[in-house]
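The structure comes first, then the details.

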Amino acid sequence: YIARLWRDGMLPFRDALDTKPPGIYVVYALADMLFGRNLWGYRLLDVFVAALTVFPIRALMRTAGNAPSWPLAYALYLTIYFVGNDFWNLSQAEFYISALALFFARWLFAYRAGGGDTWMFLAGLSLGCMVLLKQNYVLMGFLAAYVSFASFRHKERDFAEAFRGLAIAAMASTIPFLLLALYYMAHGALDWFLYGMFRLPILYTRHNSLPAANWEFYDATLLASIGFCFLFAGGVLDSALRRNWFVLIFLGILTAMVALQRKFWIYHIIALTPLFAVFIALGKDYAVRLLTPYTGRRIAMGLLYLAILINTTVVAVSVYNGSAPRLGTSNYYTGAWWNTAQYLRGAISQRDYYRTFIGPFHSPASDLDMAAEISAVSKPGDTVMLYEFRPAVYVFADVRAPHRFFNPTILFIVGKTDRDRLLTELIEETYANNRPSIVLFGLEGMWTDPAFQQFSPERYEYDLVKDIDVGY
């Protein structure tokens, strides 16, 4: 929704306020331009980006001293991401961060291996792009600092050369931010850019941490993947014994970046998926070396690959089912893939296929149903007051919100000072747009908060009242 507003001349934050930085909307706008305004374009972009990551994953395995096992690491990465996630977790900012982080590490290692300052410049650019996707990933800069320090400590460069490389990376990392800041300044919206990039994410992080329900999911997933846990631990141990500090520090910083968000939604750990796969591949070879004296190398390899296959299947099913616990069924994974096959051969309709999937807040089928109801009584470009976080409805119906608060949950996460100001703006913007032609209410708990009583459904008069089954 925001990406399409942006392409139509509006701006993230100023015209559509959300907690995510603007980088992900650049990605979505790119997908729109390349593949048209459709849903599969975002998935196709995922496939293209995933194909590119083969190069840094191979380089990272070589850095870790185990180049022959890179196909296993790459296959695990693709399988866990594409097979182990449903529609809600795909095409998230963390996937693009994972790809950028791999290239960031690849270019840093090229510099460490004797390359010129150009590699540090490229690493800095990739770091700057990561920050525009999620601000906390600025701390990945510590990996660049480590590489510069290590090149000086091991007498590969003198102090001036090492410092120059780090300074080049630091300056390059500011380029994406500065370009976007200048763009906002040219449109008279620099204050909104700074608010969305700095203040809003801090308020969101403070608002709450990991929901209790997510702990149950992670407990179940870890138990399901106990074989992977052993192999992962083996890869970490083997890297420590070989003093592969680069890959260990890379893993540690990425893990810290996920933890700093304090939410631990399933898609947050997608940023760790490539390194998870890399260390499992390293752990497999470590386990083969340990087992070979007792079983022989061929049997050891067969046992380990069988264990990886079983764990990959179990983890994929566990993650997929964990993404949709509302179904109350243990066969969501197999049902989703069966319905996909049925849809591809024309046995079920698109609407029935979409009803397979249910996300944390909505399902594609219910969004399409609601959009159809809106389209029947509106025309493209109309304003619709939708008091729920369902941005796809705006896209499917080709309408827009009468204010920047298309995500009303923003009003819950800010402090009282910001809330009072934003509520005033919400009222002013709504009336400035000649009032919405349609009002849909959800998030019933919102109206019990005294701050939102003025927006309670009971305070409105309606020309038509109609209940819509949104398919939760």
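The model is predicted. At 42% relative accessibility, R164 counts as partly exposed. Its side chain meets that of D117 in a salt bridge, at 2.7 Å from N to O. R164 belongs to helix α9 (residues 159–186), and D117 to helix α7. The two residues are 47 apart, so the pair links distant parts of the chain.

T118 is also found in helix α7. T118 counts as exposed, because its relative accessibility is 56% and the cut-off for exposed is over 50%. The C-alpha atoms of T118 and I168 are separated by 8.6 Å. Along the chain, T118 and I168 are 50 residues apart.

**Salt bridges**

A search of the whole structure finds 9 salt bridges. Side chains of opposite charge can pair when their charged atoms come close. Among the salt bridges are these pairs:

| Pair | Closest N and O atoms |
|---|---|
| R289 and D238 | 2.7 Å |
| D382 and K379 | 3.2 Å |

R289 forms its salt bridge with D238. R289 lies in helix α14 (residues 273–295), and D238 lies in helix α12 (residues 226–241), so the pair ties together parts that are 51 residues apart in sequence. How accessible are the partners? R289 is partly exposed, with 38% relative accessibility. D238 is buried, with a relative accessible area of 6%.

D382 pairs with K379. Is D382 buried or exposed? D382 counts as buried, at 16% relative accessibility, because the cut-off for buried is under 20%. K379 is exposed, with a relative accessible area of 53%.

**Helix α2**

Helix α2 covers residues 23–35 and has 13 residues. From its first C-alpha to its last, α2 reaches 19 Å. That is close to the 18 Å expected at 1.5 Å a residue.

Which residues of α2 are buried? They are G23, I24, Y25, V27, A29, A31 and D32. These buried residues pack against α1 (2–7), α3 (40–52), α6 (93–112) and α7 (117–133).

Just after α2 comes G36. G36 takes a positive phi of about 85°.

How values were computed: Residues numbered from 1 in each chain as written. Predicted model: local features only at pLDDT ≥ 70, side-chain atom pairs only at ≥ 80, totals over all residues. Heavy atoms only, no water. Helix = DSSP H or I, 4+ residues; strand = E, 2+ residues; numbered from the N terminus. Expected span 1.5 Å × (residues − 1). Buried < 20%, exposed > 50% of the residue type's maximum accessible area, 1.4 Å probe, protein only. Contact = heavy atoms within 4.5 Å. Salt bridge = Lys/Arg side-chain N within 4 Å of Asp/Glu carboxyl O.
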